[in-house]
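Please load the model in your viewer and keep the selection panel at hand. The tour below moves from the whole chain to single elements.

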Amino acid sequence: METNESKPMSVLEKMDVLLWELGKLLPVAGQKMDLIDPNAFFAEAREQNSHRLNRLMNICQAANRQELVGLLFLLKGPDYISVEQKSIPDVRDTGSSTFIGDISILSAGWKRIQELSESNPDSQQGFVAMWFDPAMDSVYTDFIEPAIRDAGYNPRRIDKKEFAGKIDDEIIREIRRSRFIVADATGSRGGVYYEAGFAHGLGLKVFWTCNDETKETDLHFDIRQNNFIFWTKDNFPEFKKKLADRIAAELGQGKINNQPS
């Protein structure tokens with residue numbers, strides 16, 4: 001069962017995701033950065049700039065740099081950020097080059113980030129994004145589902161719920177109702193990446209898991225730096241405890257009185 005492989009984020013969702021990511025890049029009030037800077041002549045600076053651009057474009061699903069710049073200026077409209085289009089002499093000819101610079105988060109932007117970080121503080125639901133393949137059934141029933149229950153929360157996997165309407169809409173609705181998401185990257189499914197990115201943009205905690213046989217290079221480069229729980233089917237009890245402990249440590253023990261599995 002495949003879901004949500006190509007459903008794009010709305011413009012407002014992209015703005016929230018982008019603002020949230022800028023909050024991570026600019027954690028200090030008043031801190032500024034230049035995003036597209038032709039002065040980055042040194043290889044290390046060019047590489048850092050390129051990585052930052054790719055990171056922001058991927059996290060908010062921007063089709064290209066032009067869309068990313070457009071989203072930045074949309075964030076400027078409600079005074080979430082300050083951003084300027086700057087111009088400097090072009091060393092290669094007699095003209096000039098423009099770039100996006102002096103990006104800084106303003107008071108309204110910090111308020112919006114705070115709102116996103118407090119998404120569903122009373123929710124007792126953990127959403128599960130994973131590959132819906134029969135070979136993965138035991139991963140859910142013997143590892144992820146009982147881990148979430150042991151942490152005191154109710155797991156929600158969309159194919160386990162009866163509903164009327166479009167599945168994409170129901171996925172978004174359930175993510176919005178959740179306190180966190182467990183995203184299993186086994187199989188590198190586009191829907192899993194989308195759902196995790198959407199949850200991240202809402203300020204929800206994302207707990208990443210993956211089959212131990214998956215090589216790090218097989219994972220999308222934007223998620224490799226996350227703290228994964230790499231599992232094997234021969235020792236689910238160990239990985240179940242590790243995931244349950246991590247959820248409880250990050251968010252506190254949930255209020256659902258599930259019997260330890």
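Begin with everything selected: among contacts (heavy atoms within 4.5 Å) between residues at least 6 apart in sequence, 68% join residues at least 24 apart. This is a predicted model, in which local features need pLDDT of at least 70 and side-chain atom pairs count only at pLDDT 80 or more, while totals for chains, interfaces and linings use all residues. Residues are numbered from 1 along each chain as its sequence is written, and side-chain values use heavy atoms, with hydrogens and water left out.

Of the 261 residues, 45% count as buried, a term for under 20% relative accessible area with a 1.4 Å probe and protein chains only.

Next, select residues 190-201, helix α7, whose end C-alpha atoms lie 16 Å apart, in agreement with the 16 Å that its twelve residues should span at 1.5 Å a residue, because the expected span is 1.5 Å times one less than the number of residues. Ten of the twelve residues in α7 are buried, including Y194, E195, F198 and H200. Step past the helix to G203, where phi is positive, near 85 degrees.

Finally, select A244 in helix α8 (residues 236-251), which counts as buried because its relative accessibility is 7%. Leaving aside neighbours within four places in sequence, A244 is in contact with A147, D150 and A151. Y153 is 91 residues from A244 along the chain, yet their C-alpha atoms are separated by 9.7 Å.

Methods
Helices (H or I, at least four residues) and strands (E, at least two) are DSSP runs, numbered from the N terminus. Buried means under 20% relative accessible area, exposed over 50%, partly exposed in between (1.4 Å probe, protein chains only).
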